[in-house]
Amino acid sequence: MNDKIRLRFAPSPTGALHIGGVRTALYNYLFTQKMGGTLILRIEDTDQTRYVPGAETYILESLRWLGMEFDEGPGIGGDFGPYRQSERKSLYGKYAQDLIDSGNAYYAFDTAEELTAMREAFESRKETFRYDGITRQQLKNSLTLSAEEVKTRLESGDPYTIRLKVPRDEEVLINDIVRGEVVFQTNELDDKIMLKGDGMPTYHLANIVDDHLMKISHVVRGEEWLPSTAHHILLYRFFGWEDTMPQFAHLPLILRPNGKGKLSKRDGDKLGIPVFPIAWEAEKAEDSFKGFREFGFMPQAVLNFLAFLGWNPGTEQEIFSLPQMAEAFSLDRISKAGARFDFDKASWFNQQYLIQTENATLGQLLKPLAKEKNYEVTDEYLTIVASMMKERVNFLPDIIKTGYYFFEPVREYEEKMIRKKWNPDRKTALLALNEQLENLPDYQAEKLEAHTKTYLEANGLGFGDVFPFYRIALSGTTKGPALFEMMEALGRAEVKKRLLTAFPAFDEVFANKINS
RNA sequence: GUUCCUGUGGACAAAUUGGUUAAGUCGUUGCUCUUUCACAGCAAAGAUUGCGGGUUCGAGCCCCGUCAGGAAUACCA
């Protein structure tokens, strides 16, 4: 155990956890596993206006489904709690005050309305308003107002924020593990709010204070945070925490499957693909959606797929168990460029996992799905069906969907082949063959095949004269598992029943063909 | 607009850190196997490494410029 390595995943409970967030969690997880460090879950709920009930539960359930375990966090415990920022509210004021006392922050009394008006005015001149080292000299804050006025305003309970006093004419160097050196000029930085009017800290303050207090060693987060990292470094400097400042690694974005821009919920709706780990139940139906889980993805496959969106091990191995992945993982092999979300590749990963999984295990996973359909079958039967179907589908539920004929009568016969090849005269031979097969002592695939072969030879028939019709009669389609294995699975009684219902239907198709 | 980030076949990407003919995977197409489909195996097509200069015996990699895309620019995270 390496107690120097402490990482945190810090989602905000403002809605469902996006797949990009899942990947961030995964990289944090993999790195701590690799290093033998500690993984912390911290809930960043400092904005009560955006708080969404159920979001935290959703995050927890997603992470649990995916199999990523945390060492510290809400509901888990740890020596650095509480792990919800709303429960740490009383902590942050002191640090904001420290910033004021050291001259690195100031009180600002400008109202939100005034600032919006200011922004609009700048906008109309095609300029962008920024609360910074220049504009703050014209605004209502403790730098421009007299000491007495500030005092009376504070004492009378005037609403205020505390803003970071970004110094002029300096450079801030970020040494990012994935980006290398990135330099920002402080003159380009705005005076970010540290403490909001409601007394809550902003992300920037809370994040730095908590990362320091929780002894975080590495911050692995999305690229969207890179621009504000300069502010964060300034904060570490002002607090005198530079020695223990964490190392940063900013992850590339996950891009939408086609077109430009980052992957969004809309892409999921439009393309009918999952963009979230698990389903989200909203009050309004149109706000609800399915996740990878409901699509039938296996959690390990999702993780494997996600891991390769922006990282690769440098070897040709692509299928990794979670421990193997952790072993192979390293932050400096994370790529800089955004990675496009490719559903085909995700499906491929899932199929690989499906094929790799034991049939009996798949049988167990199929059980609830079969129950949903009221299929009364044994575990053994589900295992057999799984063994026959798993190479032919991408997702577990498809075994039941496309292989429905293992559980209920054929719904529809594929007419094309019947029209092309069916001949009512063929019936006699087919039924005769089936009768012989039915009377075989062992109704078992190899025996069935061997007997069929001799029968066909004796009667001058080929496999092609028999195969498609049996197949369609049993499953409705010419695609699917090996015929004799299907027969064995269904059993002699069911096979006979299906032939007897199918052949008259074939005749009908044939009659229509003649008439038209 | 400004700041920052990023550009290698359709997608993900590798390239021993400046060294010869730019890996591999997904996808596409074909073949083999299986008288089906899928899996598997084999093969093919697909790239002037965004573009233009420069340095060098030699550039995907270093330098300059340029273009494109993205992110940030909230009392959101």
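**Charged pairs and a helix crossing**

Reply: Arg411 counts as exposed because its relative accessibility is 53% (buried is under 20% relative accessible area, exposed over 50%, partly exposed in between, with a 1.4 Å probe and protein chains only). This is a predicted model: local features need pLDDT of at least 70, side-chain atom pairs count only at pLDDT 80 or more, and totals for chains, interfaces and linings use all residues. Side-chain values use heavy atoms, without hydrogens and water, and residues are numbered from 1 along each chain as its sequence is written.

Me: With which residue does Arg411 form a salt bridge?

Reply: Side chains of opposite charge can pair when their charged atoms come close. A salt bridge requires a side-chain nitrogen of Lys or Arg within 4 Å of a carboxyl oxygen of Asp or Glu. Here the partner of Arg411 is Glu408, with the closest N and O atoms 3.0 Å apart. Glu408 counts as partly exposed, because its relative accessibility is 22%.

Me: How many salt bridges does the whole structure have?

Reply: The search finds 37. One of the pairs is Lys192 with Asp190, at 3.1 Å from N to O. Arg8, Arg42, Glu44, Arg88, Asp210 and Asp211 are linked in a network of salt bridges.

Me: Where do Lys401 and Asp398 lie?

Reply: Both belong to helix 15 (residues 396-402), three residues apart, about one turn of the helix; helices are DSSP runs of H or I with at least four residues, numbered from the N terminus. Lys401 counts as exposed, because its relative accessibility is 53%.

Technical notes: Chains lettered and ligands numbered in written order. Helix = DSSP H or I, 4+ residues; strand = E, 2+ residues; numbered from the N terminus.
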